[in-house]
Amino acid sequence: ATLDASTEGSGAGGTLFINVDNFSANSGAQVRTRTSGSGDAGTIVVNVNDALLLSDIGTGFFADTTIGSTGNGGNISINNARFVRSDTVQIANGAVLDASTAGSGAGGSVLLGTHNFSATSGGQLRTRTSGSGAAGNIVVGALDSFVISDAGTGLFADTTSGSSGIGGSIIVNTDTFQVTNGAVLDASTAG
């Protein structure tokens, strides 16, 4: 299933607002506001009271830009609306929050506020650049715990080989910080 407010032309992509108690997506389900043209990608805003769970390769939120596009990426904002101690955001098994850029426009930012954040088994937050646009920033406020684990898992505001855009910043504010088993926070440059 897909919620899609993307743009392929000069107009900006739409904004998607999701207000919910619990949100889960798996098996390739996507929320998209990406751009493949000159218009900017739209913004994705999710206000969730309890839990947001994303799982499986191909699943995720996409406010990115494609190869050959000139529009900027959109922002992805995840907010736990009630902000109770049990609230959680989990990204697992290859699912992503992706505001990367592959074109000349800048990547968007990923902004996440919760009590508990975890990413495992290839779950990723991405604002990287593989084009000439600058990578976006990743900001995570996890009041109680920030836990990422396993190879392929991480936060990526980096630049890829052959890119000319600058990397982004990664900011994490939390009480308990754990990065284990090959997970990474990557704001490096390879371009």
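The model is predicted, so local features are reported only at pLDDT of at least 70 and side-chain atom pairs only at pLDDT 80 or more, whereas totals for chains, interfaces and linings use all residues. Residues are numbered from 1 along each chain as its sequence is written, and side-chain values use heavy atoms, with hydrogens and water left out. The pLDDT is the predictor's confidence in each residue, on a scale from 0 to 100. For the protein chain the mean pLDDT is 94, and 96% of the residues reach 70 or more.

Strands are DSSP runs of E with at least two residues, and helices are runs of H or I with at least four, both numbered from the N terminus. Two strands are taken to pair if DSSP finds at least two bridges between them. On this basis, seven strands form an open sheet with parallel pairing, in the order β1-β3-β5-β8-β10-β12-β14. At the edges lie β1 (2-4) and β14 (184-186), each of which pairs on one side only. From one strand to the next the twist averages 5°, where axes are lines fitted to C-alpha atoms (for helices, over the stretch in contact) and angles run from 0 to 180 degrees between N-to-C directions. Within this sheet, β5 (residues 60-62) and β8 (residues 96-98) are parallel and share three bridges. Gly60 has Val96 of β8 as its bridge partner.

Further parallel pairing involves strand β4 (residues 44-55). Burial is defined by relative accessible area: under 20% is buried, over 50% is exposed, and values in between are partly exposed (1.4 Å probe, protein chains only). Nine of the 12 residues of β4 are buried, so this strand is largely enclosed by the rest of the structure. β2 and β4 run parallel and are joined by nine bridges; the partner of Asn19 in β4 is Asn47. β4 is also joined to strand β6 (residues 76-80) by five bridges, again in parallel, with Ile76 of β6 as the bridge partner of Ile44. Five bridges likewise connect β4 with strand β7 (residues 88-92) in the parallel sense, and here Ala51 stands opposite Thr88.

Four salt bridges are present in the structure, a salt bridge being a side-chain nitrogen of Lys or Arg within 4 Å of a carboxyl oxygen of Asp or Glu. One of the four joins Arg32 and Asp4, with the closest N and O atoms 2.7 Å apart. Arg32 belongs to strand β3 and Asp4 to strand β1, so this contact ties together parts that are 28 residues apart in sequence. Asp4 is partly exposed, at 44% relative accessible area.

A salt bridge also links the side chains of Arg126 and Asp98, at 2.8 Å from N to O. Arg126 lies in strand β10 (residues 124-126) and Asp98 in strand β8, so parts 28 residues apart in sequence are tied together. Both partners are classed as buried, with relative accessible areas of 18% for Arg126 and 5% for Asp98. The side chains of Arg128 and Asp158 form another salt bridge, at 3.1 Å from N to O. This pair links distant parts of the chain, 30 residues apart: Arg128 is in the loop between β10 and β11, and Asp158 is in the loop between β12 and β13. Arg128 is partly exposed at 23% relative accessibility, whereas Asp158 is buried at 6%.

Phe177 is located in strand β13 and is partly exposed, at 46% relative accessibility.

Most residues other than glycine have a negative phi. Ser27 has a positive phi, near 55°, and is placed in the loop between β2 (16-25) and β3 (30-32). Its relative accessibility of 63% makes Ser27 exposed. Asp150 also has a positive phi, near 95°. This residue sits in the loop between β11 (138-149) and β12 (154-156) and is partly exposed, at 23% relative accessibility.
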